Amino acid sequence: MQSIKKYTLTILVLLLVVPFSYGSEETVEIEKKAFNAGEMIMHHIGDSHEWHFVTIGHSHITLYLPVIIYNPEKGIDFFSSANFVDEHGHPNMHHGSYGDYIIHNDKIHSTKEHATIYDISITKNVASLLLSFSLLTVIFISIALRYKKHPLSAPKGIQSFFEPIIAYIIDEVAKPILGEKKYKKYLPYLLTVFFFIWFNNLLGLIPGGANLTGNIAVTMVLAVITFLLTNLSANKNYWKHIFWTPGVPLPLRVILLPIEVVGIFTKPFSLMIRLFANITAGHIIILSFIGLIFIFNSLSMAPVTIIFGLFMSFMELFVAILQAYIFTLLSAMYIGSAIEEHHAHDHDHGH
Amino acid sequence: MSVLLQESLNGLALLGAGVGAGLAALGAGVGIGKIGGSAVEAIARQPQESGKIQTAMLIAAAFVEGVALFGVVVCLLIYAK
C-alpha cells in the first residue's frame, strides 16, 4: 500500500508535466498521405477500438483492446481488435475484417444482410474510464482509510495534497449551498463527480490519452445522475415553484408553468453540453496548433506552434479543474434548490 | 446544374456554421467580458469580499458560456453532417 501511494504521487506530478510534450509524439502517424487537419482532429478526439500511443519511424505502439459483440443469433463474441486486418494482414481499424465482421472507420458491422449487432467493446474511452476508476479508487480509499484510522492526526503523503481540495468543496460548495444540516447526504456525490471529472480531464490531456470527458455519452450519464438526484430528492416546495409559482399573478403562473417544466430538463442538458464542449474545444484547439506544423510543413511554424500550444496546454490545465468545479457547483445548486425549505432565497439560484 | 446547386448549398451550410460559431463566440465574449469587468470593479471596491465575488462571477460566466456552447455545438453538428 505504501509503494502504491508513492507511485500515485508520481503519476499526479506526471499529469501536471506531461501535456507539454504533446506535439512531437502524437501526430507523426499522419505524415504519409496528404494531410487533412479535420480528419486528424476528429480521429484524436473520437473513440476507437485500439489505443494508439505513439509511432516511432514505422513501428506503432498500440494497445489492441478487446472487442465484445452481442449478436442476437450467436450470442456474445469476444476477441481482440488486432484480429481486424486489412488486405496486407496488418491490424487496421479503418477498413479491416475478421470472420463475420467488418470494421469501417472504427464502426463494426456484420457482413450478413439485415443483421443487427450490438457493439459493447472495451473501447479506448472505456479503457480510460477503467484506468481513472482504479486510480480514483486506490487514491481515495487509501485517504479515507487514513481518516478513519487517525482522524485527528496531520495529513500525510498524498492525503495532504487532496485535503485542501476536499475541504474547499465541503466549505465553499456543499455547506453554503446545501445547508449545514443536509450537506452530508450529498457530499459523496459532489466529491466523486468533482474528482472524476478532474482526473479524466487531466488524463485526457496526456499525449495518447483518451478524450473521455469530451465524449457526450459520458457527460450525459453524469448529467442524468444529477438530474435524478435533484428530482428524486426534491421536496414539495420545489414542485410547487415549478407547477404553481407562488407570489406571481395568475396569468403569469400559466406562462411560467411550461418555462419551469422545460427548465427541469435544460439544467442537466446544459451541464452535459458545457463539459463536453469545453473539453472537446480545448482538444481541438491544441490539435489545431499541432496540425499547423503539418499544414505548413516548415520549420518556421515551430515557434508559433510551441508558444500557442504551451499556452493552450496551461489553459487546459486550468479548464480541467474549472470545469470539474463548475459541474460540482451547479450540481450542488440544482440539488440545493430542490431541497430548500424556506422561500426567500429562491431568486438567488440561477435558472 | 443540380450538382452545382447542391455544392453551393453545402457551401452555404458550412458558411452558416462558421458565421454561427463566430457569432456565438462574439456573444459569449461580450457577456463574459462584462461579468469579468464588473467582478474586477467589485473586488477593487471590496477586496475582502473577493471570494464570494469570484464564485458569483464563475457561476454567471458558466451560464453565459453554456448558452454560447449550445450555439457552437449546433454549428459543429452542421459541419459534421
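**Ground rules.** This is a predicted model, where local features need pLDDT of at least 70, side-chain atom pairs count only at pLDDT 80 or more, and totals for chains, interfaces and linings use all residues. Residues are numbered from 1 along each chain as its sequence is written, and chains are lettered from A and ligands numbered from 1 in the order in which they are written.

**Confidence.** I checked pLDDT (the predictor's confidence in each residue, from 0 to 100). Chain A has a mean pLDDT of 83, with 88% of its residues at 70 or more. Over residues 13-31 of chain A pLDDT stays under 50, and the model has 34 contacts beyond four places in sequence for them; a contact means C-beta atoms, placed from the backbone, within 7 Å. Where pLDDT is low, the predicted coordinates should not be read in detail.

Strands here are DSSP runs (E, at least two residues), numbered from the N terminus, and two of them pair if DSSP finds at least two bridges between them. Strand 5 (residues 95-98) of chain A runs antiparallel to strand 6 of chain A, joined by four bridges. Four bridges also join strand 6 of chain A to strand 7 (residues 107-110) of chain A, again antiparallel.

I followed His104(A): it is the bridge partner of His95(A), and it stands opposite Lys107(A) in strand 7 of chain A.

Both hairpins have two residues between the strands. Gly99(A) takes a positive phi near 55° in the hairpin of strands 5 and 6 of chain A, and Asn105(A) one near 50° in that of strands 6 and 7 of chain A.

**The open sheet.** Next I looked at three antiparallel strands of chain A in the order 4-3-8. Strand 4 (75-80) and strand 8 (118-119) of chain A are the edges, each pairing on one side only. Two bridges join strand 3 (residues 66-71) of chain A to strand 8 of chain A, and Ile69(A) stands opposite Asp119(A).

**Interface.** Last, I noted that the contact takes ten residues from chain B and eight residues from chain A.

Key: Contact = placed C-beta atoms within 7 Å.
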